[in-house]
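Good morning, and thank you for coming. I would ask everyone to look at the sequence and the structure together while I speak.

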Amino acid sequence: MSLSTINKITVLGSGVMGHGIAQVSAMAGYNVVLRDIEQSFLDKAMEKIKWSLNKLVEKQKLSQTEADKIFAQITPVVDLKQALKGADLLIEAVPEDMNLKKKVYTEVDSFAESKTLYASNTSTLPISEMAALTSRPDRFIGLHFFNPPQLMPLVEVIPGGKTSDSMVDMAMGFVQKVGKQPVLCKKDVVGFIVNRVFIPLVHEAVYCRERDNVAMTTIDSAVKFKMSFPMGIFELADYTGLDVIHKATVEMHSRDSKVIRPHPKIKQLFDEKNLGQKTGKGFYEYKGDKYERINLTEQEAAKYSPIALLAVAANNAAWLISNGVCSNQDLEKALRLGMGLKKELFATVQDFGTKNIVQTLKDLAARHGSFYEPDPYLVNYRN
Ligand code: 3HC
(Lines give C-alpha, C1' and ligand atoms only; values in the text may rest on other atoms or scores of the structure.)
Protein backbone atom coordinates (compact mmCIF):
# COMPACT_ATOMS: atom_id res chain seq x y z
CA MET A 1 0.00 0.00 0.00
CA SER A 2 1.30 3.46 -0.80
CA LEU A 3 0.05 6.99 -1.19
CA SER A 4 0.50 6.83 -4.95
CA THR A 5 -2.25 4.19 -5.20
CA ILE A 6 -4.83 6.57 -3.71
CA ASN A 7 -6.92 8.25 -6.40
CA LYS A 8 -10.53 7.98 -5.39
CA ILE A 9 -11.76 8.97 -1.95
CA THR A 10 -15.17 8.26 -0.49
CA VAL A 11 -16.28 10.36 2.46
CA LEU A 12 -19.15 8.94 4.51
CA GLY A 13 -21.22 11.58 6.25
CA SER A 14 -21.73 15.09 4.87
CA GLY A 15 -22.02 17.07 8.10
CA VAL A 16 -19.68 19.78 9.37
CA MET A 17 -16.62 17.53 9.17
CA GLY A 18 -17.54 15.31 6.23
CA HIS A 19 -18.23 18.12 3.77
CA GLY A 20 -15.02 19.90 4.80
CA ILE A 21 -12.91 16.75 4.42
CA ALA A 22 -14.44 16.14 1.00
CA GLN A 23 -13.59 19.70 0.00
CA VAL A 24 -9.95 19.62 1.16
CA SER A 25 -9.46 16.23 -0.55
CA ALA A 26 -10.84 17.63 -3.81
CA MET A 27 -8.64 20.71 -3.39
CA ALA A 28 -5.64 18.33 -3.33
CA GLY A 29 -6.75 16.94 -6.70
CA TYR A 30 -8.59 13.79 -5.59
CA ASN A 31 -11.84 12.59 -7.06
CA VAL A 32 -14.26 12.48 -4.16
CA VAL A 33 -17.60 10.84 -3.55
CA LEU A 34 -19.55 12.40 -0.69
CA ARG A 35 -22.13 10.02 0.70
CA ASP A 36 -25.02 10.57 3.06
CA ILE A 37 -28.31 8.83 3.75
CA GLU A 38 -30.57 11.57 2.33
CA GLN A 39 -30.29 13.75 -0.76
CA SER A 40 -31.34 16.82 1.26
CA PHE A 41 -28.27 16.41 3.55
CA LEU A 42 -26.04 16.23 0.49
CA ASP A 43 -27.67 19.30 -1.07
CA LYS A 44 -26.96 21.27 2.10
CA ALA A 45 -23.38 19.99 2.21
CA MET A 46 -22.74 20.95 -1.43
CA GLU A 47 -24.14 24.42 -0.68
CA LYS A 48 -21.67 24.78 2.19
CA ILE A 49 -18.81 23.66 -0.03
CA LYS A 50 -19.84 26.28 -2.57
CA TRP A 51 -19.96 28.94 0.16
CA SER A 52 -16.51 27.96 1.42
CA LEU A 53 -14.98 27.89 -2.08
CA ASN A 54 -16.48 31.33 -2.77
CA LYS A 55 -14.85 32.64 0.43
CA LEU A 56 -11.49 31.27 -0.74
CA VAL A 57 -11.98 32.94 -4.14
CA GLU A 58 -12.95 36.19 -2.38
CA LYS A 59 -9.71 35.99 -0.39
CA GLN A 60 -7.75 35.23 -3.58
CA LYS A 61 -6.62 31.85 -2.31
CA LEU A 62 -8.23 30.21 -5.37
CA SER A 63 -9.25 31.43 -8.80
CA GLN A 64 -12.89 31.01 -9.85
CA THR A 65 -11.79 28.42 -12.44
CA GLU A 66 -10.00 26.39 -9.76
CA ALA A 67 -13.00 26.62 -7.44
CA ASP A 68 -15.34 25.40 -10.19
CA LYS A 69 -13.01 22.49 -10.96
CA ILE A 70 -12.79 21.48 -7.28
CA PHE A 71 -16.58 21.62 -6.92
CA ALA A 72 -16.98 19.42 -9.99
CA GLN A 73 -14.60 16.82 -8.50
CA ILE A 74 -17.05 16.10 -5.67
CA THR A 75 -19.92 13.76 -6.50
CA PRO A 76 -22.76 13.53 -3.99
CA VAL A 77 -24.19 10.01 -3.78
CA VAL A 78 -26.86 8.41 -1.59
CA ASP A 79 -26.46 4.75 -2.59
CA LEU A 80 -23.71 3.22 -0.43
CA LYS A 81 -22.75 0.47 -2.86
CA GLN A 82 -22.32 3.00 -5.65
CA ALA A 83 -20.43 5.37 -3.33
CA LEU A 84 -17.87 2.70 -2.45
CA LYS A 85 -17.25 1.49 -5.99
CA GLY A 86 -13.55 1.86 -6.81
CA ALA A 87 -12.75 3.69 -3.55
CA ASP A 88 -9.06 3.61 -2.62
CA LEU A 89 -9.62 5.35 0.70
CA LEU A 90 -12.76 5.61 2.76
CA ILE A 91 -12.98 8.43 5.30
CA GLU A 92 -15.86 7.90 7.70
CA ALA A 93 -17.32 11.00 9.36
CA VAL A 94 -20.73 9.82 10.59
CA PRO A 95 -22.08 10.91 14.01
CA GLU A 96 -20.22 9.77 17.10
CA ASP A 97 -22.26 6.83 18.25
CA MET A 98 -20.68 3.40 18.55
CA ASN A 99 -23.90 1.59 17.61
CA LEU A 100 -24.22 3.69 14.47
CA LYS A 101 -20.54 3.11 13.60
CA LYS A 102 -21.09 -0.65 14.04
CA LYS A 103 -24.00 -0.55 11.64
CA VAL A 104 -22.09 1.59 9.14
CA TYR A 105 -18.93 -0.54 9.16
CA THR A 106 -20.91 -3.78 8.81
CA GLU A 107 -22.64 -2.34 5.76
CA VAL A 108 -19.44 -0.83 4.36
CA ASP A 109 -17.60 -4.11 4.72
CA SER A 110 -20.21 -5.90 2.65
CA PHE A 111 -19.71 -3.51 -0.32
CA ALA A 112 -16.12 -2.21 -0.11
CA GLU A 113 -13.54 -3.62 -2.50
CA SER A 114 -10.60 -5.41 -0.91
CA LYS A 115 -8.21 -2.58 -1.90
CA THR A 116 -10.15 0.08 0.07
CA LEU A 117 -8.30 1.49 3.08
CA TYR A 118 -10.40 2.67 6.03
CA ALA A 119 -9.96 5.88 8.03
CA SER A 120 -12.28 7.23 10.68
CA ASN A 121 -12.61 10.89 11.57
CA THR A 122 -13.86 9.92 15.02
CA SER A 123 -13.01 12.47 17.68
CA THR A 124 -13.37 10.22 20.71
CA LEU A 125 -14.22 6.61 19.91
CA PRO A 126 -11.51 3.94 20.32
CA ILE A 127 -9.79 3.20 17.01
CA SER A 128 -8.92 -0.41 17.91
CA GLU A 129 -12.53 -1.15 18.81
CA MET A 130 -13.82 0.27 15.52
CA ALA A 131 -11.09 -1.48 13.52
CA ALA A 132 -12.16 -4.78 15.10
CA LEU A 133 -15.62 -4.31 13.57
CA THR A 134 -14.12 -4.56 10.11
CA SER A 135 -12.44 -7.15 7.91
CA ARG A 136 -9.22 -5.09 7.77
CA PRO A 137 -7.99 -3.89 11.20
CA ASP A 138 -4.44 -3.65 9.82
CA ARG A 139 -5.63 -1.13 7.23
CA PHE A 140 -7.77 0.96 9.59
CA ILE A 141 -6.63 4.25 11.15
CA GLY A 142 -7.94 7.38 12.88
CA LEU A 143 -7.64 10.60 10.85
CA HIS A 144 -9.02 13.30 13.09
CA PHE A 145 -9.59 16.63 11.30
CA PHE A 146 -10.56 19.85 13.10
CA ASN A 147 -13.42 22.20 12.57
CA PRO A 148 -13.46 23.90 10.12
CA PRO A 149 -11.42 21.37 8.12
CA GLN A 150 -10.99 23.95 5.36
CA LEU A 151 -9.05 26.27 7.70
CA MET A 152 -7.57 24.20 10.52
CA PRO A 153 -4.17 22.79 9.50
CA LEU A 154 -4.03 19.87 11.98
CA VAL A 155 -4.95 16.23 11.48
CA GLU A 156 -4.31 13.82 14.36
CA VAL A 157 -3.23 10.40 13.06
CA ILE A 158 -4.20 7.61 15.46
CA PRO A 159 -3.14 4.03 14.79
CA GLY A 160 -5.13 1.24 16.43
CA GLY A 161 -3.52 -1.81 18.04
CA LYS A 162 -3.35 -3.71 14.73
CA THR A 163 -2.74 -0.86 12.26
CA SER A 164 0.24 -1.69 10.05
CA ASP A 165 3.26 0.60 9.79
CA SER A 166 2.67 1.08 6.08
CA MET A 167 -0.89 2.27 6.82
CA VAL A 168 0.53 4.82 9.28
CA ASP A 169 3.01 6.01 6.62
CA MET A 170 0.24 6.26 4.03
CA ALA A 171 -1.92 8.28 6.44
CA MET A 172 0.88 10.68 7.37
CA GLY A 173 1.59 11.20 3.65
CA PHE A 174 -2.07 11.66 2.79
CA VAL A 175 -2.49 14.36 5.43
CA GLN A 176 0.42 16.29 3.93
CA LYS A 177 -0.92 15.78 0.42
CA VAL A 178 -4.19 17.47 1.41
CA GLY A 179 -2.19 20.44 2.69
CA LYS A 180 -2.47 19.66 6.40
CA GLN A 181 0.06 18.82 9.07
CA PRO A 182 -0.11 15.45 10.84
CA VAL A 183 0.58 14.84 14.50
CA LEU A 184 0.92 11.21 15.50
CA CYS A 185 -1.13 10.33 18.56
CA LYS A 186 0.97 7.41 19.79
CA LYS A 187 -1.69 5.86 22.00
CA ASP A 188 -5.39 5.30 21.36
CA VAL A 189 -6.36 7.27 24.48
CA VAL A 190 -9.64 8.95 25.36
CA GLY A 191 -9.95 12.27 23.50
CA PHE A 192 -6.65 11.73 21.66
CA ILE A 193 -4.60 14.93 22.04
CA VAL A 194 -6.65 18.05 21.36
CA ASN A 195 -10.04 16.91 22.66
CA ARG A 196 -8.41 15.72 25.87
CA VAL A 197 -7.56 19.38 26.45
CA PHE A 198 -10.56 21.03 24.80
CA ILE A 199 -13.65 19.10 25.97
CA PRO A 200 -12.93 19.23 29.76
CA LEU A 201 -12.22 22.94 29.35
CA VAL A 202 -15.78 23.67 28.21
CA HIS A 203 -17.11 22.11 31.42
CA GLU A 204 -14.56 23.96 33.52
CA ALA A 205 -15.63 27.26 31.93
CA VAL A 206 -19.19 26.65 33.17
CA TYR A 207 -17.87 25.85 36.67
CA CYS A 208 -15.79 29.06 36.56
CA ARG A 209 -18.84 31.11 35.63
CA GLU A 210 -20.71 29.71 38.63
CA ARG A 211 -17.84 29.90 41.11
CA ASP A 212 -16.74 33.40 40.13
CA ASN A 213 -20.13 34.80 39.14
CA VAL A 214 -18.87 36.55 36.01
CA ALA A 215 -20.32 37.05 32.54
CA MET A 216 -19.51 34.58 29.76
CA THR A 217 -18.03 37.38 27.66
CA THR A 218 -15.66 38.24 30.53
CA ILE A 219 -14.39 34.65 30.76
CA ASP A 220 -14.22 34.37 26.97
CA SER A 221 -12.34 37.66 26.64
CA ALA A 222 -9.81 36.45 29.23
CA VAL A 223 -9.42 33.13 27.38
CA LYS A 224 -8.82 35.00 24.14
CA PHE A 225 -6.51 37.73 25.38
CA LYS A 226 -4.78 36.09 28.36
CA MET A 227 -4.56 32.47 27.20
CA SER A 228 -3.98 33.37 23.52
CA PHE A 229 -6.92 31.36 22.16
CA PRO A 230 -8.40 32.63 18.86
CA MET A 231 -11.93 32.35 20.29
CA GLY A 232 -13.46 32.34 23.75
CA ILE A 233 -14.23 28.90 25.16
CA PHE A 234 -18.04 29.35 25.24
CA GLU A 235 -17.79 30.81 21.74
CA LEU A 236 -15.76 27.80 20.59
CA ALA A 237 -18.24 25.38 22.18
CA ASP A 238 -21.09 27.06 20.28
CA TYR A 239 -19.03 27.01 17.12
CA THR A 240 -18.17 23.31 17.54
CA GLY A 241 -21.76 22.40 18.44
CA LEU A 242 -23.18 21.36 21.81
CA ASP A 243 -24.21 18.04 20.26
CA VAL A 244 -20.59 17.30 19.41
CA ILE A 245 -19.41 18.45 22.87
CA HIS A 246 -22.11 16.44 24.65
CA LYS A 247 -21.45 13.23 22.70
CA ALA A 248 -17.70 13.58 23.17
CA THR A 249 -18.27 14.14 26.89
CA VAL A 250 -20.43 11.05 27.31
CA GLU A 251 -17.97 8.93 25.37
CA MET A 252 -14.87 10.23 27.13
CA HIS A 253 -16.42 10.05 30.60
CA SER A 254 -17.78 6.54 30.09
CA ARG A 255 -14.35 5.30 29.03
CA ASP A 256 -12.47 7.09 31.79
CA SER A 257 -14.33 9.04 34.45
CA LYS A 258 -11.14 10.83 35.53
CA VAL A 259 -10.60 12.75 32.27
CA ILE A 260 -13.56 15.05 32.61
CA ARG A 261 -15.74 16.62 35.27
CA PRO A 262 -19.04 16.96 33.43
CA HIS A 263 -21.19 19.98 34.16
CA PRO A 264 -24.95 19.34 33.68
CA LYS A 265 -25.33 22.56 31.66
CA ILE A 266 -23.89 20.86 28.56
CA LYS A 267 -26.44 18.06 28.63
CA GLN A 268 -29.17 20.61 29.33
CA LEU A 269 -28.28 22.66 26.23
CA PHE A 270 -28.12 19.46 24.20
CA ASP A 271 -31.53 18.27 25.48
CA GLU A 272 -33.04 21.69 24.73
CA LYS A 273 -31.58 21.45 21.18
CA ASN A 274 -29.69 24.68 21.79
CA LEU A 275 -26.69 23.33 19.91
CA GLY A 276 -24.84 26.60 19.32
CA GLN A 277 -24.33 28.58 16.15
CA LYS A 278 -26.03 26.02 13.90
CA THR A 279 -29.35 26.33 15.77
CA GLY A 280 -29.06 30.07 16.46
CA LYS A 281 -28.63 29.55 20.20
CA GLY A 282 -26.23 27.79 22.55
CA PHE A 283 -24.37 29.59 25.30
CA TYR A 284 -24.90 32.74 23.21
CA GLU A 285 -27.59 33.76 20.72
CA TYR A 286 -26.88 34.18 17.00
CA LYS A 287 -28.61 35.95 14.13
CA GLY A 288 -28.56 32.93 11.80
CA ASP A 289 -26.73 29.66 11.22
CA LYS A 290 -23.81 31.26 9.34
CA TYR A 291 -20.31 32.00 10.67
CA GLU A 292 -20.60 34.69 13.32
CA ARG A 293 -18.27 35.90 16.07
CA ILE A 294 -18.79 37.12 19.63
CA ASN A 295 -17.45 40.56 20.48
CA LEU A 296 -14.64 39.99 22.98
CA THR A 297 -12.42 42.80 24.23
CA GLU A 298 -9.17 43.36 26.11
CA GLN A 299 -11.08 45.67 28.46
CA GLU A 300 -13.35 42.78 29.51
CA ALA A 301 -10.36 40.45 29.71
CA ALA A 302 -8.72 42.74 32.26
CA LYS A 303 -11.51 41.97 34.74
CA TYR A 304 -10.79 38.24 35.07
CA SER A 305 -7.95 35.79 35.68
CA PRO A 306 -8.51 32.54 33.76
CA ILE A 307 -6.00 30.67 35.97
CA ALA A 308 -8.37 27.78 36.74
CA LEU A 309 -9.00 27.26 33.03
CA LEU A 310 -5.32 27.42 32.25
CA ALA A 311 -4.61 25.01 35.11
CA VAL A 312 -7.11 22.44 33.82
CA ALA A 313 -5.83 22.75 30.23
CA ALA A 314 -2.20 22.43 31.34
CA ASN A 315 -2.98 19.49 33.61
CA ASN A 316 -4.61 17.47 30.84
CA ALA A 317 -1.78 18.44 28.49
CA ALA A 318 0.72 17.28 31.12
CA TRP A 319 -1.07 13.93 31.40
CA LEU A 320 -0.62 13.35 27.66
CA ILE A 321 3.13 13.97 27.93
CA SER A 322 3.54 11.94 31.16
CA ASN A 323 1.77 9.01 29.55
CA GLY A 324 3.78 8.99 26.33
CA VAL A 325 0.86 9.93 24.07
CA CYS A 326 2.88 12.75 22.50
CA SER A 327 5.97 14.83 23.13
CA ASN A 328 5.76 18.36 24.53
CA GLN A 329 6.68 19.59 21.04
CA ASP A 330 3.86 17.64 19.34
CA LEU A 331 1.42 18.75 22.03
CA GLU A 332 2.18 22.41 21.34
CA LYS A 333 2.02 21.77 17.59
CA ALA A 334 -1.39 20.12 17.96
CA LEU A 335 -2.79 22.99 20.04
CA ARG A 336 -1.39 25.60 17.68
CA LEU A 337 -2.69 23.94 14.53
CA GLY A 338 -5.86 22.30 15.87
CA MET A 339 -7.15 25.01 18.18
CA GLY A 340 -5.32 28.01 16.78
CA LEU A 341 -3.42 28.87 19.99
CA LYS A 342 -1.28 31.88 19.27
CA LYS A 343 1.23 31.13 22.02
CA GLU A 344 2.52 27.86 23.46
CA LEU A 345 0.36 26.61 26.33
CA PHE A 346 3.38 25.99 28.57
CA ALA A 347 4.70 29.48 27.80
CA THR A 348 1.41 30.83 29.17
CA VAL A 349 1.83 28.51 32.17
CA GLN A 350 5.20 30.14 32.77
CA ASP A 351 3.65 33.61 32.52
CA PHE A 352 1.18 32.70 35.26
CA GLY A 353 3.88 30.82 37.24
CA THR A 354 3.93 27.03 37.41
CA LYS A 355 3.72 27.14 41.21
CA ASN A 356 0.53 29.21 41.04
CA ILE A 357 -0.99 26.81 38.53
CA VAL A 358 -0.13 23.78 40.67
CA GLN A 359 -1.47 25.50 43.80
CA THR A 360 -4.73 26.33 41.97
CA LEU A 361 -5.10 22.65 41.07
CA LYS A 362 -4.39 21.55 44.63
CA ASP A 363 -7.00 23.98 45.99
CA LEU A 364 -9.57 22.76 43.45
CA ALA A 365 -8.71 19.11 44.21
CA ALA A 366 -9.25 19.73 47.93
CA ARG A 367 -12.71 21.12 47.23
CA HIS A 368 -13.86 19.15 44.20
CA GLY A 369 -11.90 15.91 44.04
CA SER A 370 -9.25 14.02 42.16
CA PHE A 371 -10.03 15.33 38.65
CA TYR A 372 -7.89 18.34 39.61
CA GLU A 373 -4.92 16.42 41.15
CA PRO A 374 -1.85 17.96 39.48
CA ASP A 375 0.02 15.66 37.10
CA PRO A 376 3.66 14.96 38.01
CA TYR A 377 4.87 16.48 34.71
CA LEU A 378 3.30 19.79 35.68
CA VAL A 379 4.47 19.61 39.29
CA ASN A 380 8.04 19.04 38.12
CA TYR A 381 7.82 21.50 35.22
CA ARG A 382 10.61 24.06 35.50
CA ASN A 383 10.07 27.65 34.49
N1 3HC B 1 -14.22 28.01 4.56
C2 3HC B 1 -13.70 29.17 4.13
N3 3HC B 1 -13.71 30.30 4.87
C4 3HC B 1 -14.25 30.24 6.11
C5 3HC B 1 -14.79 29.05 6.63
C6 3HC B 1 -14.76 27.90 5.81
N7 3HC B 1 -15.28 26.74 6.21
N8 3HC B 1 -15.25 29.29 7.89
C9 3HC B 1 -15.01 30.59 8.16
N10 3HC B 1 -14.41 31.17 7.08
C11 3HC B 1 -14.01 32.55 6.91
C12 3HC B 1 -14.91 33.49 7.69
O13 3HC B 1 -16.11 33.76 7.00
C14 3HC B 1 -14.03 34.70 7.82
O15 3HC B 1 -14.10 35.40 6.62
P16 3HC B 1 -14.30 37.03 6.57
O17 3HC B 1 -12.95 37.57 6.94
O18 3HC B 1 -14.69 37.30 5.16
O19 3HC B 1 -15.35 37.34 7.59
C20 3HC B 1 -12.63 34.08 7.96
O21 3HC B 1 -12.72 32.74 7.46
C22 3HC B 1 -12.20 33.99 9.43
O23 3HC B 1 -11.84 35.22 9.87
P24 3HC B 1 -12.09 35.70 11.37
O25 3HC B 1 -11.38 37.00 11.50
O26 3HC B 1 -13.53 35.64 11.73
O27 3HC B 1 -11.48 34.60 12.29
P28 3HC B 1 -10.10 34.06 12.76
O29 3HC B 1 -8.93 34.77 12.17
O30 3HC B 1 -10.18 33.98 14.25
O31 3HC B 1 -10.08 32.58 12.15
C32 3HC B 1 -10.81 30.42 12.89
C33 3HC B 1 -11.21 31.76 12.29
C34 3HC B 1 -9.81 29.73 11.95
C35 3HC B 1 -12.06 29.57 13.01
C36 3HC B 1 -10.11 30.70 14.27
O37 3HC B 1 -10.94 31.51 15.06
C38 3HC B 1 -9.80 29.45 15.04
O39 3HC B 1 -8.77 28.82 14.83
N40 3HC B 1 -10.71 29.12 15.98
C41 3HC B 1 -10.56 27.91 16.79
C42 3HC B 1 -11.21 26.77 16.10
C43 3HC B 1 -10.97 25.48 16.81
O44 3HC B 1 -10.46 25.42 17.92
N45 3HC B 1 -11.33 24.38 16.14
C46 3HC B 1 -11.20 23.07 16.73
C47 3HC B 1 -12.40 22.71 17.53
S48 3HC B 1 -12.26 21.11 18.23
C49 3HC B 1 -12.55 20.08 16.96
O50 3HC B 1 -12.86 20.43 15.86
C51 3HC B 1 -12.43 18.61 17.27
C52 3HC B 1 -13.78 17.95 17.27
O53 3HC B 1 -13.53 16.57 17.34
C54 3HC B 1 -14.64 18.38 18.42
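This is a predicted model: local features need pLDDT of at least 70, side-chain atom pairs count only at pLDDT 80 or more; totals for chains, interfaces and linings use all residues.

In which helix does H246 lie? H246 belongs to helix 11, residues 242-255, where helices (H or I, at least four residues) and strands (E, at least two) are DSSP runs numbered from the N terminus.

Residues are numbered from 1 along each chain as its sequence is written, and side-chain values use heavy atoms, with hydrogens and water left out.

To return to H246: this residue counts as buried, at 11% relative accessibility. Buried means under 20% relative accessible area, exposed means over 50%, and partly exposed lies in between, with a 1.4 Å probe and protein chains only. Leaving aside neighbours within four places in sequence, H246 is in contact with I266, K267 and F270, contact meaning heavy atoms within 4.5 Å.

Let me turn to the overall division. The protein chain is divided into domain 1 (3-184) and domain 2 (194-379), with bounds that come from an automatic or database domain assignment. The contact takes 18 residues from domain 1 and 19 residues from domain 2. Taken over C-alpha atoms, the centres of domain 1 and domain 2 are separated by 28 Å.

Next, the interior. In soluble globular proteins, nonpolar side chains tend to be buried together. A nonpolar core is here a set of buried Ala, Val, Leu, Ile, Met, Phe, Trp, Tyr and Cys residues joined through side-chain atoms within 4.5 Å. How many residues has the largest nonpolar core? The largest nonpolar core has 95 residues, and I233 and F283 have the most contacts inside it. Helix 14 (residues 307-322) gives the most to this core, with 11 residues. At least three residues of this core come from each of domain 1 and domain 2. Apart from this core lies another, of 38 residues, including I9, A26, L56 and V57.

Neighbours within four places in sequence aside, F283 is in contact with V202, V206, M216, F234, A237, D238, L242, K265, I266 and L269.

On a 1 Å grid over the protein atoms alone, a pocket is an open set of points where a 1.4 Å probe fits, with protein on both sides within 12 Å along at least five of seven lines; lining residues have an atom within 4 Å of a point. The second largest pocket has a volume of about 240 Å³, a volume being the space filled by probe spheres set on the points, which are joined across faces, edges and corners. Among the residues that line this pocket are R196, D256, K258, N315, W319 and E373. Helix 14 gives the most to the lining of the second largest pocket, with three residues. By class, this lining has three nonpolar, three polar and five charged residues; Ala, Val, Leu, Ile, Met, Phe, Trp, Tyr, Cys and Pro count as nonpolar, Asp, Glu, Lys and Arg as charged, and the others, Gly among them, as polar.

I now come to the backbone. Most residues other than glycine have a negative phi, and most peptide bonds are trans. Which residues does a cis peptide bond join? The bond joins N147 and P148, with omega about -5 degrees. P148 is in the loop between strand 6 (140-145) and strand 7 (154-159).

N213 is in the loop between helix 8 (194-212) and helix 9 (216-226), and S228 is in the loop between helix 9 and helix 10 (233-240). Is each buried or exposed? N213 counts as exposed, at 69% relative accessibility, whereas S228 is buried, with a relative accessible area of 15%.

Finally, G18 has its place in helix 1 (residues 16-27) and is buried, with a relative accessible area of 1%. Neighbours within four places in sequence aside, G18 is in contact with V11, G13, L34 and A93.
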